[in-house]
Amino acid sequence: MRSWHGRRGDDGIFGGSGFQPLPIQLVNKYNILYSLDMINLKPVEFRGCSLDDLRAFPLAAKREAGHQLDQVQNGQEPDDWKPMSTVGQGVKEIRIRDATGAFRIIYVAKFADAVYVLHCFQKKAAKTSKADLDLAAKRYRDLLKELNQ
């Protein structure tokens, strides 16, 4: 895992070149506060190409996705979600809307070790496509095998 000490620039969420170094005095103070705040956070693990798919979202949708995943990492529910029992037990879908369309993040947070993002995509129709559901279900089954569940 990489350590990051700095502020995000305009496009620094989930990639981009928005790194701006902080003065060393702030870094030292930041490390202490950051470490205390990070104690209860679950890491986020992106399965398959889900991180690349998320990075392809428009900037506003990426920012909202980051905020919603942060809430999940902190043990809270996202603002707009629904259960995805057709994908697997405990799987949920974060629903994001912005001016460019509807975006979805399918994830599972029921395991103690991490929040697993199974699939990220832009929704094109009122009903989620079978291909998107099948891909998320396959990644969930693969995850269960890896975790010996």
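Colleague: Which residues is Pro58 in contact with, leaving aside neighbours within four places in sequence?

Modeller: In this predicted model, Pro58 is in contact with Asp98, Thr100 and Phe103, once those neighbours are left aside.

Colleague: And where is the place of Pro58 in the chain?

Modeller: Pro58 sits in the loop between α2 (50-55) and α3.

Colleague: How far is Pro58 from Ala99, in sequence and in space?

Modeller: The two are 41 residues apart in sequence, and their C-alpha atoms are 9.7 Å apart in space.

Colleague: Let's back up. How many helices and strands are in the chain?

Modeller: The chain has four helices and five strands. Starting at the N terminus, the elements run α-β-α-α-β-β-β-β-α.

Colleague: What order do the strands take in the sheet?

Modeller: The order is β1-β5-β4-β3-β2, in an open sheet of five strands with mixed pairing. At the edges are β1 (44-46) and β2 (81-83), each of which pairs on one side only. From one strand to the next, the twist averages 30°.

Colleague: What holds strands together in general?

Modeller: Strands of a sheet pair through backbone hydrogen bonds, in a parallel or an antiparallel sense.

Colleague: Then β3 and β4: how many bridges join them?

Modeller: Eight bridges join β3 (residues 91-98) to β4, and the two strands run antiparallel. They form a hairpin with two residues between them.

Colleague: How many residues of β4 are buried?

Modeller: Eight of the eight residues in β4 (101-108) are buried, so the strand is mostly covered.

Colleague: What lies across the sheet strands?

Modeller: Helix α3 (residues 59-73) lies across β1, β3, β4 and β5, and runs at about 145° to β3. Helix α4 (residues 130-146) packs on the sheet as well, touching β3, β4 and β5. The direction of α4 makes about 170° with that of β5.

Colleague: Back to β4. Why does Arg104 count as buried?

Modeller: Arg104 lies in strand β4. It counts as buried because its relative accessible area is 9%, and the cut-off for buried is under 20%.

Colleague: What does Arg104 touch, not counting residues up to four places away in sequence?

Modeller: The contacts of Arg104 include Phe57, Glu93, Ile94, Arg95 and Ile96. Also among them are His119, Cys120, Phe121 and Lys123.

Colleague: You mentioned Cys120. How many disulfides are there?

Modeller: The count comes to zero disulfides. Cys49 is in none, and the nearest cysteine sulfur, that of Cys120, is 8.9 Å away. A disulfide would need the sulfur atoms within 2.5 Å.

Colleague: Are those two cysteines buried or exposed?

Modeller: Cys120 is buried, with a relative accessible area of 2%. Cys49 counts as partly exposed, at 34% relative accessibility.

Colleague: How much of the whole chain counts as buried?

Modeller: Of its 149 residues, 35% count as buried. The accessible surface of the chain comes to about 9200 Å², and carbon and sulfur atoms hold 53% of that.

Colleague: What share of the contacts comes from residues 24 or more positions apart?

Modeller: They account for 48% of the contacts in the chain with a separation of 6 or more.

Colleague: Last topic, confidence. What pLDDT does the chain average?

Modeller: The average is 83, and 74% of the residues score at least 70. Over residues 1-11 the pLDDT is below 50. That stretch has 25 contacts in the model beyond near neighbours in sequence.

Colleague: What should I make of a low pLDDT?

Modeller: Where pLDDT is low, the predicted coordinates should not be read in detail.

Technical notes: Residues are numbered from 1 along each chain as its sequence is written. This is a predicted model: local features need pLDDT of at least 70, side-chain atom pairs count only at pLDDT 80 or more; totals for chains, interfaces and linings use all residues. Side-chain values use heavy atoms; hydrogens and water are left out. Buried means under 20% relative accessible area, exposed over 50%, partly exposed in between (1.4 Å probe, protein chains only). Two strands pair if DSSP finds at least two bridges between them. Axes are lines fitted to C-alpha atoms, for helices over the stretch in contact, and angles run from 0 to 180 degrees between N-to-C directions. Contact means heavy atoms within 4.5 Å. pLDDT is the predictor's confidence in each residue, from 0 to 100. Accessible areas come from the Shrake-Rupley method with a 1.4 Å probe; for residues, only the protein chains shown count as cover.
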